[in-house]
Amino acid sequence: MSLRNWAAAALCTLGLALGAVPADAQKAGGTFVYLVQPEPPSLASYLSTSGPIGLVAPKIYDGLFDYDNDLNIVPALAESYEVSEDGKTVTFNLRQGVTWHDGAPFTSADVQFTVMSVLKEVHPRGPNSFREVTSIDTPDDHTAVFNLANPAPYMLRALSAYESPMVPKHLLEGTDIRSSDLATSPVGTGAYKFVEWKKGQYIRLDKNENYWKPGLPYIERIVGRFIPDASTRTAAMENGEVMYGAYGAIPNIDAVRLRDTDGFSVTTDGYSMINPMALIEFNTTKAPFDNSAIRKAISLAIDREFLIENIWFGYGKPATSALSTNFAPTGLYKAGLPNYAAKADVAGAIAMLDAAGITPDANGIRATAVLDLIPYGEDWRRAGEYMKQAMSEIGISLELRYEDVPTWLKRIYADYDFEMNINYFYQLPDPVLGVHRHYGTDQIRQGTHFVNSSRYSNPTLDALLASGAQEASATKRAEIYGEVQDILAEDMPVVNLFEMQFLTVYNEKLKDHATSALGAYGPFDRAWLDE
Amino acid sequence: MSHFARRIRYVVKRLLQAIPIVLAIVILNFLLLQLAEGDAVDVLAGEAGSATPEYMAELRAKFGLDQPLPVQLAVYLKNVMFFDLGYSFRHEMPVSELILDRMMPTLLLMVATITLAVGFGIFLGLVAAMGLNTWRDTAISIFALITYATPLFWVGLMMIVVFSLNLRWFPTSGMENFAMFYEGWDRVWDIAHHLVLPTITLSLFYLALYTRLMRASMLEQAGQDYVTTARAKGVTENRIMFVHVLRNALLPVVTMAGVQVGALIGGSVIVESVFAWPGLGMLAFEALFSRDLNLLLGIFLLSALLVVAVNLVVDIIYSTLDPRIEVS
Amino acid sequence: MTFWKLFARNRGAVVGLAILILITFMAATAGIFFPEDPFSLAGQSMSPPGENGFLLGSDSLGRDVAAGIAHGAKTSLLIGLLATLVAVCVGIVMGALAGYYGGIIDDLLMRVTEMFQTIPSFIFAILLVAIMKPSIESIVIAIAVVSWPAVARLVRGEFLSLRNREFVQACHTLGMSDIRIMMGEILPNCLSPVIVIGSLMVATAILIESGLAFLGLGDPNIMSWGFQIGAGRTLLRSAWWVCTFPGIAILLTVLAINLVGEGINDALNPRLRERS
Amino acid sequence: MTRLLDITDLHIALPADSQRPYAVQKMELHLEANEILCVVGESGSGKSLTALAVMGLLPKPHVHIAKGSVLFQGEDLTKVSDDRLRQIRGSEISMIFQEPMTALNPVMTIGTQIDEVFRFHDKMPGKERRRRALELLRDVQLPDPEQAIKAYPHELSGGQRQRAMIAMALALDPKILIADEPTTALDVTTQAQVLRLIKEMQAAHGTGVLFITHDFGVVADIADRVAVMQNGLVVETGTTDQVLRTPQHPYTQALIAAVPELTPRPSRARSPEIVMRVNKLEKTYRSGGGLFGGKGRIVHAANDVTFDLARGETLGIVGESGSGKSTVARCIVRLNDAEAGEILLGDTDLRPLGRAAMRPHRSKIQMVFQDPFASLNPRTRIGKIIAQGPIMYGASPEDAKKRTLDLLDIVGLDPRSYDRFPHEFSGGQRQRIGIARALALEPDILVADEPVSALDVSIQAQILNLLDEIRDRMNLSMIFITHDLRVAAQVCDRIAVMQRGEMIEIGPTSTLFASPKETYTRELLAAVPGKDWFLKGSSAQAPAT
């Protein structure tokens with residue numbers, strides 16, 4: 001399918017989506033209370049991709065697009081778009097009559113400003129998503145023309161309200177964007193207007209009466225509550241005090257219990273844009289993990305199913321490649337790679353170590369190392385404890401280290417003072433956005449978080465990644481990424497553990513909340529309460 | 001000098017005396033926090049997902065974290081002198097605003113807890129002392145010990161399970177009903193309703209202390225000579241217990257209550273966490289883990305002042321209870 | 001009457017001592033009854049008590065809760081004892097100097113003590129552990145740092161009252177050195193309240209350790225009751241046994257130590273006032 | 001006619017693990033209206049428990065009446081109900097105690113505490129109660145009753161407190177007043193006033209007074225009849241004259257013999273060798289104040305104190321509490337630092353010496369303390385207590401032990417005491433240990449601070465004799481601090497009288513007693529209890545030695 005055709009198909013979907021009229025059953029009104037965990041530092045989604053910001057900000061800001069659960073583009077602020085033949089020009093036709101919450105009109109100047117001055121400058125992933133954008137022309141108020149240096153098909157996947165929120169030029173221009181008041185009192189074009197943020201308690205949003213989707217939203221008021229303790233969050237859910245919790249707000253063990261309770265449901269929908277992968281990073285510059293054999297042996301010795309079953313209570317899929325199986329529909333995922341065991345292959349791992357000359361000493365210990373644990377929750381500690389036991393089977397003696405967030409970040413990404421680190425990464429809807437940062441030599445950026453801290457560097461791989469980023473042909477891309485996955489399975493700079501499945505637990509009175517690929521990071525404009 | 005003027009002078013003197021302590025606390029914690037790895041910028045950048053070293057350097061400059069340590073400290077102290085607690089790095093709000101916001105819930109929980117623990121503790125201690133070595137005494141002692149020895153969070157979670165989920169008497173958490181946003185008296189009632197479980201949980205821990213203290217104090221006072229005198233005067237046993245002994249026995253309890261206040265601000269982290277109570281403890285906890293230096297120092301400073309103030313109040317109460325103590 | 005006779009008069013204290021001996025025995029013999037590493041994944045996960053060969057059940061990774069309690073007893077008691085020891089030593093030195101010399105030294109040391117009492121103690125403990133990174137040592141230090149002021153105040157009070165006692169003055173008239181008077185003459189006479197407060201501090205230290213672990217500040221490499229509770233707390237609703245049994249272990253220990261402390265109190269000094 | 005109070009065959013049982021089964025045994029005692037019966041005895045004789053038994057205030061259940069009856073106007077108090085007892089207490093029988101500070105509730109005003117007596121016995125309006133309370137306070141000669149009624153106990157002096165107690169006890173005009181050592185805690189001049197007050201009130205109301213005391217001087221001053229108790233038994237009863245003049249029981253005889261004479265000891269020649277000179281000694285105490293505080297109150301504890309001490313002599317320093325006599329003693333042994341003046345030991349001025357410089361001189365001046373219970377470290381063995389001094393000054397452990405055993409012998413203790421702990425000894429024995437400790441360093445000067453005031457009278461005599469003996473044997477000079485002129489008369493060659501930090505008069509004992517120059521000295525002498533009786537009785541009675 002050529003790019004143009006693909007765009008046409010997308011346009012067709014746009015039309016369908018627009019034609020959808022709310023059914024009669026939907027009821028308007030009510031207050032919807034949901035869990036926001038932890039309390040966000042700000043609501044500046046244009047500055048930070050922090051998870052809790054994502055839970056709130058997309059309800060206030062809109063993106064150019066939204067995406068349905070199959071990752072199809074759904075029009076939002078952009079009614080339609082066209083991609084030029086050479087793929088270097090993308091034209092967006094903007095919706096008319098949209099106003100900001102303060103009453104000012106939304107125009108193409110806002111789009112231009114947002115992408116060029118905000119997202120490309122201060123957004124953590126913006127410089128990557130929009131790196132090919134050289135300028136944006138605004139022939140009229142409702143047309144924005146993106147001029148690209150090279151084709152960037154992945155860019156069209158990064159235009160959601162969560163990933164690239166459109167922000168008001170008239171409130172930001174001329175100010176220091178990083179310390180603007182907009183961070184704590186946001187003004188968007190979205191379905192809900194910001195009303196109040198009571199630190200330590202809640203954020204309150206009220207219905208935007210002038211929302212550009214006629215008749216929407218149904219819900220009168222949205223309140224995001226902060227409850228620090230996991231068990232209490234579950235209790236609040238059971239008690240009906242909150243109706244919705246995503247991104248592990250309700251621990252899996254409780255989610256499993258609630259799944260079987262009347263009135264509550266659990267879904268794994270709404271995370272396809274995120275595509276999270278649990279993994280272990282190694283310091284590949286230092287013994288013992290400078291040897292790929294030991295890394296592969298570790299990958300073999302891990303019982304991925306045990307991890308999923310006992311720590312994440314059945315939610316997750318054993319990793320079989322450096323890419324998630326979620327890339328299978330686009331053909332990028334390659335199956336059948338070696339060195340990814342679902343069940344532990346201890347004998348294989350030991351054989352590999354023996355072959356590499358990593359032999360046990362008198363106490364049966366082949367290597368010792370410190371395993372750092374990502375300080376983002378108890379599950380990761382359990383995983384660490386499991387790793388310690390599992391590794392002792394193959395003669396690797398681990399000591400666990402659990403530090404707080406700033407200490408851990410500094411150790412892993414600034415000081416490189418680690419040997420082995422449990423972590424998880426979002427692979428996002430395209431490998432260029434979420435996977436490249438892990439393996440590219442250009443991604444060895446000391447002091448920058450969540451990039452290539454393994455310091456793995458392979459020129460062959462770098463070349464493949466570079467061509468993969470620009471390749472327009474799906475089949476060619478699949479070939480390129482197949483090769484990438486072969487190399488990574490052989491070198492194993494990072495041991496991918498399993499594809500995580502985040503859970504959303506909700507009260508069944510809440511309807512139509514999972515209409516977007518973004519799930520909890522979505523706008524919630526069509527959600528309603530059946531009370 | 002009039003009695004009132006003497007009191008004022010005393011209060012001023014005590015506040016002056018507190019200044020070096022409060023400053024020392026600030027400096028100590030400032031230096032301690034410098035030992036911690038990473039800073040607020042690391043956390044902010046880490047949360048944001050990704051940030052360039054240049055951006056992080058820029059942020060550090062903005063927060064003044066690039067200055068040499070003594071300069072940072074001097075600037076902070078200078079600001080404190082002018083009652084300026086600075087800006088929270090993380091919340092991008094003045095620290096004083098953040099703290100004041102959390103002050104009410106903290107005080108609410110603190111006062112309710114102390115009142116309940118002290119009041120109930122005095123009552124139980126009294127009952128135990130009056131029925132010395134009877135089953136009542138034993139039962140109260142065991143009850144007090146068990147409430148003390150049960151880990152707080154366990155009590156908290158059990159309270160939620162029993163009283164919120166099973167009996168549906170109280171909400172699980174929070175300070176208000178966020179679906180309703182009550183106003184006026186309805187709001188007061190709503191907050192009181194939310195206050196019940198955290199208060200009971202927290203005061204159960206302190207209850208033991210006051211019960212035992214009160215019991216011991218009652219027993220000690222009951223053996224004093226003035227009790228014999230009162231008996232020799234033909235005063236009834238009830239009056240001896242409730243008027244003569246009780247008042248003297250309260251003195252150590254009051255002292256202890258004063259000492260406890262300091263512990264209570266920090267000790268409520270667990271309860272605040274379990275019940276999502278928006279208090280200073282949780283704020284401090286989060287500030288620590290986000291290396292929000294200004295905010296954390298501000299909380300320490302304010303809670304120190306709070307302790308000083310409470311101790312002052314306790315001293316004044318003490319002096320009205322015990323005429324031997326001169327407030328001067 | 002001997003100490004033991006006096007102690008034995010308090011029936012609760014005897015029960016407490018029995019429990020404490022049992023727990024100590026459990027800690028000492030953990031390696032014999034549970035030779036496996038308590039972290040080892042011993043079998044079926046989330047087994048209720050009595051099933052699949054787990055006396056007290058297993059946790060989400062299939063670790064034996066009973067083995068954890070037995071091995072954890074060692075850690076919890078160790079943390080309690082060490083933290084108390086450190087706190088008592090520091091408290092004695094500070095309190096003795098302040099109470100004995102009085103004047104400016106007293107003023108200075110008491111201001112320092114007051115300072116530590118003014119800082120919200122639990123938050124301060126969290127801060128110290130966070131800065132020093134969670135490990136047994138840092139937990140011990142943190143607990144000791146927040147506990148010593150109580151000892152210092154107590155010792156100071158005792159020294160203040162004892163330093164003017166005639167037997168101390170007699171030592172002065174003999175020309176005895178200050179150190180010798182403090183350590184040899186006064187200290188032995190104020191040890192009984194210190195022992196009482198110390199015994200209670202062991203209990204408090206164990207509680208603080210569990211509180212820290214609840215907040216995720218335990219040593220991840222060493223089995224302790226706090227660790228078990230921290231690891232089991234989210235399971236409370238689904239597998240109550242995982243954190244309830246360690247909780248009961250803590251409750252029993254703290255209870256026993258308190259009872260013993262009261263017994264010691266009664267035996268050493270029947271009219272000792274409660275202090276802290 | 002029934003007697004006011006008739007105690008027959010009274011047995012008071014002690015707890016099972018006590019030294020003796022009964023605190024009081026086979027007691028037969030009666031009290032008539034309008035008489036003062038003194039119950040005399042040493043500590044542990046059971047006299048105070050007798051008083052409590054009459055009041056029904058025994059610390060039950062540990063101590064209880066095992067047998068016998070206490071008839072109050074024919075009504076057996078051991079059998080009546082608690083309610084009836086409560087009615088009687090305070091209205092028919094009332095009581096005053098030894099230590100008025102602890103016997104009064106510290107957090108209640110005097111007025112409230114007096115008021116309680118009315119409230120719980122009589123129905124009368126508040127105004128009337130207040131009027132009566134004021135009247136009472138006037139009766140007991142409290143200055144400014146209006147103020148006193150609002151005062152808290154700590155705001156009154158010791159004597160005033162005891163007057164308030166008396167007012168309270170007499171509020172409802174009781175038939176019996178029980179006074180348990182009511183003047184023991186008071187200064188001698190105050191004691192005389194309070195005794196006079198009790199006597200006057202008793203006479204005015206015709207009250208029967210059961211007066212408990214250990215002091216024969218007080219007995220002589222106040223009693224109509226006397227009962228002597230020893231180890232729970234009443235060994236002798238009779239009129240004051242009978243008992244004091246012709247004691248029948250050997251114990252009574254011994255007790256009376258042990259009462260120190262007010263007659264000064266025969267004067268001895270004063271050695272020309274002056275071992276110590278104290279010149280213009282100054283010491284002030286500051287109360288209050290502090291880092292930020294204003295100026296506190298200043299008390300002159302020693303003001304321009306000057307005296308000298310010859311070899312072999314005993315200098316008594318006499319005064320009431322707060323006179324500064326102890327301060328002077330403590331400055332001399334350098335337990336306190338005087339601010340100005342000289343303390344010349346030979347040619348060395350000890351006053352400005354630092355700790356290190358003082359050390360070589362320490363052994364020259366040693367001290368014996370007042371409280372035999374507080375002056376010995378309860379956790380140190382006797383041997384070590386005595387020997388540690390010599391060891392510190394370089395004696396070998398063997399020599400020190402030998403010397404300790406010698407000293408134990410000198411002070412009259414068994415050598416086996418060496419390995420024992422202080423609590424195994426009685427008060428008198430402990431005081432002997434204290435003396436041995438002081439002597440271990442072979443001092444030139446012994447400072448004894450009230451060494452006998454905590455002891456029973458018979459023990460007192462023994463210790464005084466021991467001190468005398470040692471002084472002669474070792475050719476010591478002694479500074480003897482006491483509040484009791486009778487004791488001072490016994491042991492001192494010269495006496496200095498102190499008042500409010502000043503040494504107002506100093507001279508040979510006999511001169512001072514015969515012709516006191518200062519009014520205060522005369523007042524002190526006049527206030528000695530039983531003075532008249534013992535002075536006139538001294539001719540009839542052989543000296544105690």
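In which helix of chain D is D:M392 found? The points below begin with that residue and then turn to the chains and their contacts.

1. **D:M392.** The residue belongs to helix α14 of chain D, which covers residues 382-392. The structure is a predicted model, and the remarks in this note should be read accordingly. D:M392 counts as partly exposed because 19 other C-beta atoms lie within 10 Å, whereas a buried residue needs 20 or more. Leaving aside residues up to four places away in sequence, D:M392 touches C:L174, C:G175 and C:M176. Within chain D, D:L441 is 49 residues from D:M392 in sequence, and the two C-alpha atoms are 9.9 Å apart in space.

2. **Confidence in chain A.** The mean pLDDT of chain A is 86, and 95% of the residues score at least 70. The exception to note is the stretch of residues 1-23 of chain A, where the pLDDT is below 50. Where pLDDT is low, predicted coordinates should not be read in detail.

3. **Overall form of chain A.** Chain A contains 16 helices and 21 strands. For its 531 residues, a compact globule would have a radius of gyration near 24 Å, and the value for chain A is 24 Å, so the two agree. The C-alpha trace of chain A spans about 75 × 55 × 40 Å along its principal axes. Buried residues account for 57% of the 531 in chain A. Among contacts in chain A with a separation of 6 or more, 70% join residues 24 or more positions apart.

4. β1(A) runs parallel to β10 (residues 221-225) of chain A, and five bridges join the two strands. In this pairing, A:F32 stands opposite A:I222 of β10(A). In general, strands of a sheet pair through backbone hydrogen bonds, either parallel or antiparallel.

5. **The three-strand sheet of chain A.** A further open sheet has three strands in the order β11-β19-β12 of chain A, with antiparallel pairing. Here the edge strands are β11 (244-245) and β12 (264-267) of chain A, and each pairs on one side only. Two bridges link β11(A) in the antiparallel sense to β19 (residues 504-507) of chain A. A:Y244 stands opposite A:Y506 in β19(A). Helix α7 (residues 252-259) of chain A lies across β12 and β19 of chain A, and runs at about 125° to β12(A).

6. **The contact between chains A and B.** Which chains share the most contacts among the five pairs of chains in contact? They are chains A and B. In this pair, 41 residues of chain A are in contact with 42 residues of chain B. On the chain A side, two or more residues each come from β1, β10, α6 (230-238) and α12 (405-414) of chain A. The side of chain A that touches chain B is made up of 17 nonpolar, 16 polar and eight charged residues.

7. Chain D places 25 residues in contact with 21 residues of chain B. At least two residues each on the chain D side come from α2 (82-88), β6 (93-96), α3 (100-103) and α4 (110-119) of chain D. By class, the side of chain D that touches chain B has 13 nonpolar, eight polar and four charged residues. Chains A and D, by contrast, do not touch, and their nearest C-alpha atoms are 41 Å apart.

8. **Chain C.** The secondary structure of chain C consists of 11 helices and zero strands. Along the principal axes, the C-alpha atoms of chain C fill a box of roughly 75 × 45 × 30 Å. Of the 276 residues in chain C, 61% are buried. Residues 24 or more positions apart make up 68% of the contacts in chain C with a separation of 6 or more. Chain C also supplies C:L174, C:G175 and C:M176, which D:M392 touches.

Note on methods. Residues are numbered from 1 along each chain as its sequence is written. Chains are lettered from A and ligands numbered from 1 in the order in which they are written. This is a predicted model: local features need pLDDT of at least 70, side-chain atom pairs count only at pLDDT 80 or more; totals for chains, interfaces and linings use all residues. Two strands pair if DSSP finds at least two bridges between them. Helices (H or I, at least four residues) and strands (E, at least two) are DSSP runs, numbered from the N terminus. The radius of gyration is taken over C-alpha atoms; the globule rule is 2.2 Å times the number of residues to the power 0.38. A residue is buried if 20 or more other C-beta atoms lie within 10 Å of its own, exposed if 12 or fewer, and partly exposed in between; C-beta atoms are placed from the backbone. Two residues are in contact if their C-beta atoms, placed from the backbone, lie within 7 Å. Axes are lines fitted to C-alpha atoms, for helices over the stretch in contact, and angles run from 0 to 180 degrees between N-to-C directions. Ala, Val, Leu, Ile, Met, Phe, Trp, Tyr, Cys and Pro count as nonpolar, Asp, Glu, Lys and Arg as charged, and the others, Gly among them, as polar. pLDDT is the predictor's confidence in each residue, from 0 to 100.
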